[in-house]
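Colleague: Before I use these labels, I would like to hear what each one rests on.

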Amino acid sequence: MPRYEYRCRPCGTTFELSRPMAESAAPATCPAGHEDTVKLLSTVAVAGTAATPAGAAGGGAGGGGCCGGGCCG
């Protein structure tokens with residue numbers, strides 16, 4: 001279940017709630033009981049490597065650089 005981050009306007013508390021995506025826009029009450037909250041825009045960090053298909057730029061050999069060696073040369 002996704003986690004959404006909210007900020008309470010009256011007290012400034014930032015908090016998270018786990019809820020279904022269908023309820024992401026539903027009002028949220030802060031832990032102190034205030035109902036005037038706003039959903040924050042969160043960023044998602046993704047790490048890892050992607051395989052280069054054979055025959056693509058770099059030949060699948062992993063040329064490095066910002067784009068696998070195909071266009072940074």
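Predicted model: local features only at pLDDT ≥ 70, side-chain atom pairs only at ≥ 80, totals over all residues.

Modeller: Residues are numbered from 1 along each chain as its sequence is written, and side-chain values use heavy atoms, with hydrogens and water left out.

Colleague: What makes strand E1 and strand E2 a pair?

Modeller: Two strands pair if DSSP finds at least two bridges between them. E1 (residues 3-8) and E2 (residues 14-18) have five bridges, in the antiparallel sense. Strands here are DSSP runs of E, at least two residues, numbered from the N terminus.

Colleague: Why is the pair of tyrosine 6 and phenylalanine 15 called stacked?

Modeller: Rings of Phe, Tyr and Trp (its six-membered ring) pair if their centres lie within 6.5 Å; planes under 30 degrees apart count as stacked, over 60 as edge-to-face and the rest as tilted. Here the centres are 5.7 Å apart and the planes are at 20°, so the pair is stacked.

Colleague: How do you know that tyrosine 6 is buried?

Modeller: Buried means under 20% relative accessible area, exposed over 50%, partly exposed in between (1.4 Å probe, protein chains only). Tyrosine 6 has 2%, so the residue is buried. Phenylalanine 15, at 8%, is buried as well.

Colleague: What is the nearest side chain of opposite charge to arginine 19, and how far away is it?

Modeller: Glutamate 23, 4.7 Å away; buried arginine 19 has no salt bridge, which means a side-chain nitrogen of Lys or Arg within 4 Å of a carboxyl oxygen of Asp or Glu.

Methods:
Helix = DSSP H or I, 4+ residues; strand = E, 2+ residues; numbered from the N terminus. Lys, Arg positive; Asp, Glu negative; His and termini not counted.
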